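Subject: A structure for you to explore

Hello,

Here is the structure I promised to pass on to you. Have a look around it first, and then read my notes below.

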Amino acid sequence: EMCIRDRVWLVLLFGLFGCLKFGAVHGVLYNSAQLRAAYPNPALAKTVTVNLTVFDSIDSKTFTGFNKTWYVTLVNCVKLTELPLNLLAPLTQLVMFTANNCKLNKLKAGVFAYPKLNSFGQLFLTDNNITTVDKSAFNLPKLWKLDLSGNKNLKLAANMFKGVAAKLQVLTLQQIGLSQLDASLSYFVGLQSLVTLDLGKNLIRSLNETAFDQDLSGLKKLV
């Protein structure tokens with residue numbers, strides 16, 4: 001009969017085998033060197049969390065080799081003010097990208113232009129300092145969920161969501177400093193697939209009755 005010690009070793013071996021085979025690897029990292037040290041075979045990593053608390057930036061080569069990673073999170077990036085172009089290009093199987101509690105202040109043209117990332121469905125850019133979004137910042141035809149909550153001085157612009165309009169079902173814009181809504185502002189033009197629009201925690205002082213007459217024919221939930 002197998003003793004307790006043997007059972008423990010067996011569990012550990014099965015756990016290691018599972019991580020190697022299925023990529024169930026997760027780590028909190030602080031720079032590119034630690035990223036490489038933690039993931040000597042990056043193709044096995046399904047989830048990666050990068051904590052850049054004391055580092056200035058990341059570059060377009062940071063995720064080279066992570067071609068089978070599904071989930072990437074940047075957290076507490078207190079010196080990261082913008083994302084480089086082509087940052088996510090190596091992540092060919094990316095499902096969800098999150099940048100939370102960073103210092104991002106703008107989304108420049110092409111920063112999320114990844115038309116060939118067919119699995120990329122969820123984007124969370126929450127609790128940053130984003131104030132402006134270029135109308136060409138997004139080209140994500142498969143994206144179905146976008147969350148820009150917590151960017152307290154975000155300036156919405158006409159057609160800023162056109163690059164995600166094809167499949168977008170959930171748009172969350174909580175606590176972005178939104179004060180008025182009017183159809184003439186054209187914020188939501190083309191979002192025929194949108195099901196949920198969350199505008200919670202905004203102090204909206206001006207609301208035109210035509211504010212949502214902008215191709216929002218599929219809208220079922222307005223918060």
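This is a predicted model: local features need pLDDT of at least 70, side-chain atom pairs count only at pLDDT 80 or more; totals for chains, interfaces and linings use all residues.

Tyrosine 71 has methionine 96 in E4 as its bridge partner. Strand E3 covers residues 71–75 and strand E4 covers residues 96–100; the two run parallel and are joined by 5 bridges. On from E4, there is a parallel pairing with strand E7 (residues 122–124), this time over 3 bridges. If you want to find that pairing on your screen, look for phenylalanine 97, which stands opposite leucine 123 in E7.

E3 also pairs with E2, again in the parallel sense and over 5 bridges. Here threonine 49 has threonine 73 in E3 as its bridge partner. Is E2 mostly covered or mostly open? It is mostly covered, since 4 of its 5 residues are buried, and buried here means under 20% relative accessible area. While you look at these strands, keep one general point in mind: side chains in a regular strand alternate between the two faces of the sheet.

**The core**

Which residues have the most contacts inside the largest nonpolar core? They are Leu74, Phe97, Phe112 and Phe161, in a core of 56 residues. The elements that give two or more residues to this core are strand E2 (47–51), E3 and E4. As a general background, nonpolar side chains in soluble globular proteins tend to be buried together.

**Salt bridges**

How many salt bridges are there? The count comes to 2. In one of them, the side chains of lysine 106 and glutamate 82 meet at 3.9 Å, N to O. This pair links distant parts of the chain: lysine 106 is in strand E5 (residues 106–107), glutamate 82 is in the loop between E3 and E4, and they are 24 residues apart.

Glutamate 82 also forms a salt bridge with lysine 108, where the closest N and O atoms are 2.8 Å apart. Lysine 108 sits in the loop between E5 and strand E6 (112–113), and glutamate 82 in the loop between E3 and E4, so this pair ties together parts that are 26 residues apart in sequence. Glu82, Lys106 and Lys108 are therefore linked in a network of salt bridges.

How covered are these residues? Glutamate 82 is partly exposed, with a relative accessible area of 31%. Lysine 106 is partly exposed at 37%, and lysine 108 is partly exposed at 28%.

Threonine 172 lies in strand E11 (residues 170–172). Is threonine 172 buried or exposed? Its relative accessible area is 10%, so threonine 172 is buried. Apart from its neighbours within four places in sequence, threonine 172 is in contact with Leu146, Asp147, Leu148, Ser149 and Asp198.

Leucine 203 lies in the loop between strand E13 (196–198) and strand E14 (206–207). With 58% relative accessibility, leucine 203 counts as exposed, because the cut-off for exposed is over 50%. Not counting residues up to four places away in sequence, leucine 203 touches Leu178 and Ser179. The C-alpha atoms of leucine 203 and isoleucine 176 are separated by 9.4 Å, and these two residues are 27 apart along the chain.

**The whole chain**

The secondary structure comes to 2 helices and 15 strands. The chain has 223 residues, and buried residues make up 41% of them. Among contacts between residues at least 6 apart in sequence, 65% join residues at least 24 apart. The accessible surface is about 11600 Å², and 55% of that belongs to carbon and sulfur atoms.

Finally, a word on confidence. The mean pLDDT of the chain is 82, and 78% of the residues reach 70 or more. Over residues 4–27, pLDDT stays under 50, and for that stretch the model has 23 contacts beyond four places in sequence.

Enjoy exploring!

Best wishes

Methods. Residues are numbered from 1 along each chain as its sequence is written. Side-chain values use heavy atoms; hydrogens and water are left out. Two strands pair if DSSP finds at least two bridges between them. A nonpolar core is a set of buried Ala, Val, Leu, Ile, Met, Phe, Trp, Tyr and Cys residues joined through side-chain atoms within 4.5 Å. Buried means under 20% relative accessible area, exposed over 50%, partly exposed in between (1.4 Å probe, protein chains only). Contact means heavy atoms within 4.5 Å. Accessible areas come from the Shrake-Rupley method with a 1.4 Å probe; for residues, only the protein chains shown count as cover. A salt bridge is a side-chain nitrogen of Lys or Arg within 4 Å of a carboxyl oxygen of Asp or Glu. pLDDT is the predictor's confidence in each residue, from 0 to 100.
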